Amino acid sequence: MEFDPLRFDRRDVILGGIAVLTAACAKVPSGNAKVRQGFWPAFRERFITPAGRVIDNGNGNISHSEGQGYGMLLASLNNDRETFDSLARWTAETLRRDDMALHAWKYDPRDAVAVADRNNATDGDILIAWALARAAQAWKLPDYGRQSAEIRSAIRSRLVIERSGHLVLLPGLQGFADAHRTVVNPSYYIWSALDAFAALDGEAVWAPVTDDGIKLLTAARFGNLSLPVDWFEIAPDGKLSPASDKPPRFGFDAIRVPLYASAGRRMAVADTVAAWWRSLSTSGAQIPAWIDVQTGETAPYGLSAGGKAVVARTLGGAQPETLDQDYYSAILQLLAHHLS
């Protein structure tokens with residue numbers, strides 16, 4: 001089975017609506033007494049099981065490497081080793097591939113084989129590697145450092161390819177590059193993580209990926225507003241265009257572009273997003289959950305609390321005061337608060 005990002009379908013749920021929590025979102029132990037107060041304890045209680053599985057309640061209570069990586073990163077940022085250990089254990093035991101250090105992207109408890117698709121999602125692996133490296137340093141745990149190094153090596157050797165004279169970060173091992181096109185997800189460039197990798201492995205290893213990524217994302221902006229899209233493709237001649245088999249939207253994936261740009265001090269890749277959001281805010285208009293960059297059509301609903309948190313982080317402003325009931329929206333809220 002091949003990873004198809006359109007099957008991973010939050011769309012209306014994550015940026016416009018609120019999903020209903022289920023009993024699967026069980027409470028974990030209270031964790032380290034030094035955990036900072038705020039959204040993290042509420043997130044942990046709502047979305048992380050005692051076994052260390054992060055529940056995506058907007059997608060049928062599945063789990064995925066992205067969610068595990070986010071959970072591990074946030075646990076490390078909140079000095080919550082007990083939760084981190086449970087997340088890391090479940091992730092390694094359930095998602096890590098036997099043939100390499102990368103992780104299968106999806107766990108679906110409704111299926112007879114819960115991990116049927118062994119393809120990875122590169123952002124999930126980046127987040128997991130970054131979180132493990134942070135944990136190794138913070139808690140003096142060399143085994144976590146070794147695991148992180150193995151994942152980083154696999155990402156660099158298996159998921160970075162050359163196209164049109166530039167290095168490109170593939171979204172996954174399979175299904176994104178052939179003789180006709182190379183598909184890219186701009187929100188998989190998590191700049192703070194790549195900077196951390198460079199500090200660990202050397203600038204010579206990661207700086208070319210980062211530098212070419214900045215050039216690529218700066219060029220891959222489309223429509224009258226010059227916005228990034230959730231997925232774009234590179235033709236053999238180097239031409240960039242929205243991915244032909246996906247909606248040409250600045251939407252639920254691409255909203256992380258300004259979030260990561262702000263945290264990673266690379267706002268040049270998201271300055272057009274900031275300008276568009278600022279113009280809407282100034283006029284008092286609702287910021288839509290997505291916009292079709294080709295037609296200008298917008299979602300009939302506004303951003304979730306998570307989307308609003310990203311806007312507030314990007315433009316400067318007050319964050320939403322209540323944690324959303326949806327996993328992805330809640331993740332965006334925590335990231336907007338914690339990332340640096």
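**Group meeting: a walk through a predicted model**

Let me begin with a hairpin, which β3 and β4 form with 2 residues between them, and in whose turn S164 has a positive phi of about 50 degrees. Helices (H or I, at least four residues) and strands (E, at least two) are here DSSP runs, numbered from the N terminus. The two strands, β3 at residues 160-163 and β4 at residues 166-169, pair in the antiparallel sense over 4 bridges, where pairing requires that DSSP finds at least two bridges between them. Within that pair, V160 stands opposite L169 in β4.

A word on conventions: this is a predicted model, in which local features need pLDDT of at least 70 and side-chain atom pairs count only at pLDDT 80 or more, while totals for chains, interfaces and linings use all residues. Residues are numbered from 1 along each chain as its sequence is written, and side-chain values use heavy atoms, with hydrogens and water left out.

Turning to the helices, α3 (residues 65-77) has 13 residues and should span 18 Å at 1.5 Å a residue, which agrees with its end C-alpha atoms being 18 Å apart; the expected span is 1.5 Å times one less than the number of residues. Of the 13 residues of α3, 13 are buried, where buried means under 20% relative accessible area, exposed over 50%, and partly exposed in between (1.4 Å probe, protein chains only). Just after α3, N79 takes a positive phi of about 55 degrees.

In helix α7 (residues 191-201), the buried residues are W191, S192, A193, L194, F197 and A198, and they pack against α5, α6, α8 and α9. G202 follows α7 with a positive phi, near 110 degrees.

Which residues touch the most other members of the largest nonpolar core? They are F43, F84, Y189, F250 and W277, in a core of 96 residues, to which α5 gives the most, with 10 residues. By such a core I mean a set of buried Ala, Val, Leu, Ile, Met, Phe, Trp, Tyr and Cys residues joined through side-chain atoms within 4.5 Å. Apart from it lies another core, of 6 residues, among them W90 and V115.

Finally, M267 lies in the loop between α9 and α10, and is partly exposed because its relative accessible area is 27%. Leaving aside neighbours within four places in sequence, M267 is in contact (heavy atoms within 4.5 Å) with P258, A261, S262, A274 and T314. M267 and V257, 10 residues apart in sequence, are 9.2 Å apart in space, C-alpha to C-alpha.
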